[in-house]
Amino acid sequence: MTTNWFDDSHPAMLEEKLENGMVKCHLSPRNCVIAEGRRGFCGVRANKDGNLVTLNYGKSVHATVETIETEAIFHYAPGDRILSMGNIGCMLNCDYCQNWKTSQARMVNNENVFRYTPQDVVDMALRHNIRVISWTYNDPVVWHEFVIDTARLAQQHGIKNLYKSAFFITPEAIEQLIPVIDIFSISIKSMDPDYYKKLTKGWIQPVLDGAIQAYKSGKHVELSTLMVTDISDNEETARALTNFVLENMGPEVPIHFVRFHPDYKMINTTRTPIPRLEQARKVAKEMGMKHVYLGNVYDNDAVNTYCAGCEQLQVTRYGLNAQLVGIDAEGNCTKCAKPAGFKVFQEPAKPRQSVDVLPADAQLTNASYMWEGDIKALHVQVRNDTPETQMIYTRRVGDATVPTEWSIIPLLPAESHRFIAAKSLPEEQGVEVAIPAGIHSSLHQVFDRAHFPTTAVGEGTLNADATPLPAFKGVGLS
Ligand code: SF4
């Protein structure tokens with residue numbers, strides 16, 4: 001008998017029992033009242049025998065090693081590798097969702113669901129020398145119990161927790177998160193209440209209140225706003241967001257204006273013109289914000305960090321990669337010695353081991369993928385089907401300026417591992433992966449940051465500059 005991902009459940013927090021076996025969920029501001037045998041709006045919390053349960057505890061898309069820049073976090077450990085964890089369901093239903101294959105519970109297939117315990121996640125992070133776990137993709141709000149259990153365990157091992165969310169969440173749920181979350185990357189979709197109702201099926205005030213609550217907790221907060229072409233990619237958005245931040249937080253909070261790409265129900269809307277993003281950034285800076293960035297853009301100085309005091313270049317970025325060039329180990333500017341507004345680890349990140357030349361006797365199979373159009377990042381998924389530890393090799397491909405050494409990723413027997421390879425230099429043309437026999441592998445095109453692709457690259461889609469496949473076929477799809 002086939003087991004579906006939603007067949008088993010786990011007790012849920014933030015439950016209120018009502019009369020007649022009904023339960024009320026206080027996790028998101030919807031406060032769904034759920035009858036026996038039914039699910040809430042998110043599709044992953046249900047009433048089972050008069051109790052509120054969660055259907056997605058420990059159920060995840062494939063854990064993925066990425067960089068912290070993937071999460072619109074630029075001022076906390078720049079360039080560090082993170083372990084990205086995404087799950088199933090969402091308390092919103094945005095018309096442009098780039099993770100709709102996992103955020104909309106009714107679209108989720110069993111083959112995209114992996115099961116992890118909190119210990120599995122922490123062990124994975126420790127084994128790959130990762131210092132930050134990121135709760136991300138669809139939205140961690142609806143994974144509340146698993147996030148809290150795992151983040152608490154991670155803390156005990158010195159691992160930080162990053163929460164990337166649209167933050168449509170109740171104050172009491174935020175209070176439960178604050179002790180275990182170190183970094184909040186909050187996506188304020190728009191400053192327009194009508195936009196929220198129409199495009200996200202949520203409402204704005206809880207998001208704004210929640211952002212203030214997270215900021216007041218003293219945790220690291222960065223904000224981002226998707227600039228949807230011809231809808232919100234204008235100066236009014238920039239002014240309203242900046243006013244909100246200046247009135248409730250401060251000019252030092254980094255904000256990100258993020259480029260839109262067509263997806264889900266909005267495949268006929270074009271990408272945001274970069275001059276509109278640049279104008280939004282100009283407006284926010286003129287109003288007094290110290291760190292204003294553009295997201296999902298390449299070859300643009302608006303992704304770098306300069307000292308707000310002496311204008312020394314402090315961090316260079318390209319795509320989802322970053323290099324510290326003007327910050328010391330204490331997070332101060334190397335030129336004027338003033339605090340640079342960064343949180344950095346005292347110890348530099350441990351790089352992966354590497355070799356200049358592939359071992360001759362390893363009998364490796366090489367695959368390459370060349371960057372093309374809007375595809376400038378790839379998830380590489382590998383699984384070791386042999387009884388021994390195996391080494392995977394990966395490197396960048398480009399002109400003579402691009403480093404040619406091979407990074408090594410060790411894979412334990414039966415281990416399945418997924419990592420991002422993202423274009424890191426203008427001169428870089430692609431990525432090459434070398435795998436030994438007995439390793440199952442697949443490549444997945446990544447569209448912009450915090451996108452979890454579910455479909456592997458197949459024949460005919462290589463190097464295609466297109467919307468992620470498969471395309472959304474309609475609201476009634478089950
Ligand atoms: S998390 Fe939100 S959408 Fe899901 S059941 Fe609870 S209140 Fe409803």
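What radius of gyration would a compact globule of 478 residues have, and what does the protein have? A compact globule would be near 23 Å, and the protein has 22 Å, which agrees. The radius is taken over C-alpha atoms, and the globule rule is 2.2 Å times the number of residues to the power 0.38.

This is a predicted model, in which local features need pLDDT of at least 70, side-chain atom pairs count only at pLDDT 80 or more, and totals for chains, interfaces and linings use all residues. Residues are numbered from 1 along each chain as its sequence is written, and side-chain values use heavy atoms, with hydrogens and water left out.

**The whole protein.** Select the C-alpha atoms: along the principal axes they fill a box of roughly 70 × 60 × 45 Å. Next, colour by secondary structure to find eight helices and 27 strands; these are DSSP runs numbered from the N terminus (helices H or I, at least four residues; strands E, at least two). Of the 478 residues, 57% count as buried, meaning under 20% relative accessible area with a 1.4 Å probe, protein chains only.

Now select β17, β18 and β19, which form an open antiparallel sheet in the order β17-β18-β19. Residues 305-306 (β17) and 321-324 (β19) stand at the edges; each strand has a single partner, so one side of each is left without a neighbour in the sheet. Then display β17 with β18 (residues 313-318): the two pair in the antiparallel sense over two bridges, and DSSP must find at least two bridges for strands to pair. Finally, select T305, which stands opposite V315 in β18.

How values were computed:
Buried means under 20% relative accessible area, exposed over 50%, partly exposed in between (1.4 Å probe, protein chains only).
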